Amino acid sequence: MSRSATRAAPGTGPPGPVVAGPLARRRGLALDPIYKALLQAAAATVFLVVALIVFEVARGSWLSIKTIGWSFLVQSQWDPVADHYGALPYVYGTLVSSLLALVLAVPLGIGSAVFLAELASHRVGSIVSFVMELLAAIPSIVYGIWGFFVLAPWLRSTLEPWLIANWGAIPLFRGTPFGIGMLNAGIVLAIMILPTIVSISREVLLATPRTLREASLALGATRAEAIGVTLDAAKPGILGAVILALGRALGETMAVTMVIGNSNRISASLLSPAATMSSVIANEFAEATGDLYLSALIQIALVLFAVTIVVNALARALVYLTTGGRRDVGAAA
Amino acid sequence: MHRYVRFLVTAVLLVGAAGGCSKGGGGGAGTTLTAAGATFPYPLYSKWFDAYKQKSGVQINYQSIGSGGGIQQLKAGTVDFGASDAPLSDDKLREMPHPVLHFPTVGGAVVLAYNLPGLKQPLQLTIDALVAIYSGKVTKWNDARIAAGNVGVALPDLAILPVHRSDGSGTTNIFTTYLSAISQTWRDSVGANTSVSWPNGIGGKGNDGVAGQVRQTPGSIGYVELAYARQNNLPVAHLQNAAGAYVEPTLASTTAAIQASAAALAQDVRTPIVNAKAPDAYPIAGLTFLLVDADQQDAGKAKAIAQFIQWAITDGQAMAEPLFYAKLPPEVVRVDQAALSKITSGGKPVLASR
């Protein structure tokens with residue numbers, strides 16, 4: 001039985017193994033086009049939705065793009081009274097809070113993933129994985145409340161005074177301890193993105209060939225050196241995990257809005273309040289009157305959308321690179 | 001698939017038709033009005049709409065999506081009337097497709113809640129001190145400019161953290177309108193709006209965000225609605241008004257502020273009522289408005305809207321104070337009533353002249 005005989009029409013689908021008998025095959029052939037059309041429609045919907053979002057957001061921000069132009073991205077004055085809009089403080093706030101989250105979460109996350117993939121017993125591994133999934137399932141508003149009521153008082157009374165006293169020479173740690181600000185947002189975001197980093201890095205580590213480990217051990221490497229070899233092989237995949245986590249941090253709205261302090265001034269200090277792109281949209285959209293004001297807010301959404309697309313594309317490319325296009329690992333990411 | 005689509009289309013049409021039916025009826029019982037806008041008066045409005053439905057049978061569906069959204073929807077013609085905490089500026093009035101009338105319904109005040117451990121008596125702020133705090137010109141509570149209003153009171157050597165609303169809000173509009181009224185520098189450098197570019201301090205989302213921040217942080221001060229502060233028993237500052245007196249924010253001192261501005265409101269109902277001259281007036285007060293197209297397509301709806309407003313500014317006022325809104329003084333009710341006679345349909349006033 002040749003494969004090509006089972007296909008409805010040449011070039012319409014990937015060849016697959018054939019198990020059905022002649023009768024079933026005929027009935028299947030009749031239903032095949034409908035089935036396929038339905039699935040195609042489902043897949044097309046996704047594209048349609050994305051295209052519609054892009055179109056609507058671009059249309060909404062057209063007035064702002066036309067009026068303000070590229071200076072929108074480099075101007076730092078966001079002043080609804082003067083009808084003057086520059087998104088730089090929000091772009092800055094989004095990037096810095098997300099980077100801070102990565103700085104805190106990446107070492108923790110990769111360390112935890114290595115432990116889970118290489119060292120942990122099955123029992124411990126499943127317990128830690130369960131806790132990680134729990135972290136991922138907590139709604140972001142809960143993180144926000146925790147950051148506001150638990151983390152902020154501790155930062156204000158303990159960590160921030162210590163940072164100011166000991167590291168105050170660095171502009172990063174200058175200012176007054178308020179508990180609310182960039183540092184708080186970074187810590188909350190770090191906790192929120194930790195599960196993403198851990199679970200994907202663990203998958204990637206497990207997907208590296210066993211032979212790598214066995215070969216390095218056979219060559220006399222220590223356990224740590226063997227893990228180093230595995231990590232090296234998994235590096236692009238882990239990078240992909242990190243970039244996906246970054247994607248989540250960039251877009252997080254509610255929790256960040258509650259703890260970042262919502263100030264549209266750019267400050268070098270992590271203790272100062274700041275604002276992000278998503279937080280300013282959440283804050284100001286409902287009460288924005290005036291066409292240019294609304295349009296400028298929608299343009300921020302457009303910028304955020306562009307940043308998200310770039311980040312996701314980067315993640316895809318990296319995961320593809322590390323796995324040589326193997327679908328199982330790619331799908332895990 | 002086609003059948004499925006046809007079913008969906010039919011269902012949508014049926015629902016639409018049913019909605020259309022209930023909207024007929026010409027102003028009396030069974031009329032349904034839709035409205036959207038301000039969140040600040042929503043607790044009162046929902047009570048009003050409920051009571052008014054019991055009384056007249058007119059149903060009003062209100063979405064409290066924010067003043068900005070209410071104005072947008074009125075502009076797009078998707079609601080029968082809008083509601084906003086801030087009146088439309090001349091520019092924004094020109095952007096509207098039809099002439100729009102403003103009807104103040106109730107008043108509110110913006111109060112300053114603070115967190116100063118150990119301070120027994122209410123904090124008193126001079127006009128200058130308040131501006132200085134929010135511009136970042138005073139940074140410590142024991143500064144001479146704050147002590148000036150609190151003679152004989154020991155104020156702590158504590159950093160001041162001014163807290164403002166991070167979300168666009170009518171409360172911010174009233175507060176910044178006041179700061180602009182008392183300080184030329186503020187007016188030139190920051191101005192007044194639902195959102196402004198704050199020179200200082202941190203932002204909390206909503207009244208609860210600001211109040212939460214103030215409760216948590218010793219040395220902080222933040223502005224919230226009077227109703228919110230009263231319901232949560234926050235310590236609030238007494239402010240020096242234009243007559244030089246220190247006034248506690250209450251419903252009575254808010255109504256006094258509206259009353260003191262009645263003459264100006266009769267000229268233009270959009271005039272800010274902050275910084276009122278009367279000695280018993282609390283200085284940071286504002287009105288919330290219903291926004292109605294002056295000339296209406298549907299005479300029945302127009303009549304229903306006008307009758308509702310007539311009821312709300314008279315009988316409805318009794319419901320305001322239990323919910324911590326300041327009621328309108330009689331002078332301003334008369335201003336509203338004069339405007340009601342300007343609601344027309346096809347050029348004819350919808351309410352019989354009184």
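**An open helix and its surroundings**

Mentor: Of the 16 residues of helix 5 of chain A, one is buried, so the helix lies largely in the open. Buried means that 20 or more other C-beta atoms lie within 10 Å of the residue's own; 12 or fewer make it exposed, anything in between partly exposed, and C-beta atoms are placed from the backbone. Helices (H or I, at least four residues) and strands (E, at least two) are DSSP runs, numbered from the N terminus. This is a predicted model: local features need pLDDT of at least 70, side-chain atom pairs count only at pLDDT 80 or more, and totals for chains, interfaces and linings use all residues. Residues are numbered from 1 along each chain as its sequence is written, while chains are lettered from A and ligands numbered from 1 in the order in which they are written.

Now the length of that helix. Helix 5 of chain A covers residues 122-137, and at 1.5 Å a residue it should span 22 Å. The expected span is 1.5 Å times one less than the number of residues. Its end C-alpha atoms are 22 Å apart, which agrees.

Step out to the whole chain. Chain A has 13 helices and two strands. Of its 333 residues, 37% count as buried. Take contacts in chain A between residues at least 6 apart in sequence: 74% join residues at least 24 apart. A contact here means C-beta atoms, placed from the backbone, within 7 Å.

Next, the partner chain. Chain A puts 26 residues into the contact and chain B 29. On the chain A side, strand 1 (78-79), helix 6 (140-167), helix 10 (254-259) and helix 11 (277-284) each supply at least two residues. Helix 6 of chain A gives the most, with four. By class, the chain A side has 12 nonpolar, 10 polar and four charged residues. Nonpolar covers Ala, Val, Leu, Ile, Met, Phe, Trp, Tyr, Cys and Pro; charged covers Asp, Glu, Lys and Arg; the others, Gly among them, are polar. The model scores ipTM 0.76 and pTM 0.81.

Chain B is assigned domain 1 (24-107 + 289-349) and domain 2 (109-285). Those bounds come from an automatic or database domain assignment. The C-alpha centres of the two domains of chain B lie 29 Å apart. In chain B, 22 residues of domain 1 are in contact with 22 of domain 2. Helix 14 (330-340) of chain B is among the elements supplying at least two residues on the domain 1 side. Helix 14 of chain B also gives the most to that side, with four residues.

Strand 4 of chain B runs antiparallel to strand 8, with five bridges. Val111(B) stands opposite Val224(B). Strand 6 (residues 161-165) of chain B runs parallel to strand 8, with three bridges. There Leu161(B) has Ser220(B) as its bridge partner. Strands pair if DSSP finds at least two bridges between them.

Last, confidence. Chain B averages a pLDDT of 87, and 92% of the residues score at least 70. pLDDT is the predictor's confidence in each residue, from 0 to 100. Over residues 7-26 of chain B, pLDDT stays under 50. Where pLDDT is low, the predicted coordinates should not be read in detail.

Key. Two residues are in contact if their C-beta atoms, placed from the backbone, lie within 7 Å.
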